[in-house]
Amino acid sequence: MKYLILMQVDPTVLEQLTPEQGQQIEEGHAAFMAHTKERGEFIGTQALADPSQSKVVRSVAGAPQTSDGPFAEAKEYLGGFYLLDVEDEARALELARMIPDATIDGLALEVRPVMFSDFADL
C-alpha cells in the first residue's frame with residue numbers, strides 16, 4: 001500500500017535550529033532515504049520551495065486567474081513529502097517516526113494513504 005508522508009514546516013522553528021541540529025536533520029533524511037531504498041519501500045521524495053515563490057490559479061467569475069501565492073495565510077506550510085510503498089499503516093507510521101522532523105517540537109509529519117496514483121514511468 002502506498003503512503004504519503006507530508007512534511008509540515010514552520011519557518012520560525014527552522015530559523016531557531018542550531019547548525020548541529022540542521023546537520024542532524026540533513027543526515028537523518030539521508031539515512032531515512034537509504035533505509036527505505038534498501039528495503040524497497042522508497043518510491044520518491046520532493047522538497048518544495050518556500051510558499052513565497054508559489055502562484056495560485058483560481059476561478060474568478062468563471063475564468064482562471066493567476067496571483068502570487070501562497071493560497072492561504074498559514075504558520076505552517078507543506079515543505080515536501082516522501083512517497084512510500086509499505087505493507088500497512090503501522091509500517092508507514094513506524095517509518096514516519098524515523099524521520100528527524102518527528103523529534104523537533106513545532107514540526108509535523110502527516111501520514112496519509114494514497115487512494116490513486118498514476119506516474120508515467122513507475
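**Group meeting: a walk through one predicted chain**

Good morning. The cut-off for calling a residue exposed is over 50%. Please keep in mind that the model before you is a predicted one.

Where does Ala 61 lie? Ala 61 belongs to the loop between β3, residues 55-60, and β4, residues 63-68. The backbone of Ala 61 also deserves a remark: its phi angle is near 55 degrees, which is a positive value in a residue other than glycine.

Let me now turn to the chain as a whole. How many helices and strands does the chain have? It has three helices and six strands. Taken in sequence order, these elements give the pattern β-α-α-β-β-β-β-α-β. Along the principal axes, the C-alpha atoms fill a box of roughly 50 × 40 × 25 Å. Of the 122 residues in the chain, 29% are buried. If we consider contacts between residues at least 6 apart in sequence, 77% of them join residues at least 24 apart.

I next consider how two of the helices meet. The axes of α2 and α3 come within 10 Å of each other and cross at roughly 150 degrees. α2 is therefore roughly antiparallel to α3, since the cut-off for that description is over 145 degrees. Which residues make this contact? From α2 they are Phe 32, His 35 and Thr 36, and from α3 they are Arg 91, Leu 95 and Met 98.

Helix α2 also contains Gly 28. Is Gly 28 buried or exposed? Gly 28 is buried, at a relative accessible area of 19%, because the cut-off for buried is under 20%. Gly 28 and Asp 101 are 73 residues apart in sequence, yet their C-alpha atoms are 8.8 Å apart in space.

We come to the charged side chains. The structure contains five salt bridges. Glu 41 takes part in a salt bridge with Arg 39, at 3.5 Å from N to O. Glu 41 also forms a salt bridge with Arg 91, with 2.8 Å between the closest N and O atoms. Why can we say that this second pair ties together separate parts of the chain? Glu 41 is in the loop between α2 (19-38) and β2 (42-47), while Arg 91 is in helix α3 (residues 89-98), so the pair joins parts that are 50 residues apart in sequence. Both Glu 41 and Arg 91 are buried; for Glu 41, the relative accessibility is 6%. These residues belong to a network of salt bridges that links Arg 39, Glu 41, Arg 91 and Glu 94.

Another salt bridge joins the side chains of Glu 110 and Arg 112, at 2.5 Å from N to O. Glu 110 is partly exposed, with a relative accessible area of 29%. Arg 112 is partly exposed as well, at 44%.

Finally, I turn to the aromatic rings. How many aromatic pairs does a search of the whole structure find? The search finds one. In general, a pair of aromatic rings is described by the distance of the centres and the angle of the planes.

Thank you for your attention.

Definitions and conventions. Residues numbered from 1 in each chain as written. Predicted model: local features only at pLDDT ≥ 70, side-chain atom pairs only at ≥ 80, totals over all residues. Heavy atoms only, no water. Phe/Tyr/Trp six-rings, centres within 6.5 Å; stacked < 30°, edge-to-face > 60°. Salt bridge = Lys/Arg side-chain N within 4 Å of Asp/Glu carboxyl O. Buried < 20%, exposed > 50% of the residue type's maximum accessible area, 1.4 Å probe, protein only. Helix = DSSP H or I, 4+ residues; strand = E, 2+ residues; numbered from the N terminus. Axes fitted to C-alpha atoms, helices over the stretch in contact; angles between N-to-C directions. Parallel < 35°, antiparallel > 145°, perpendicular 65-115°, else oblique. Contact = heavy atoms within 4.5 Å.
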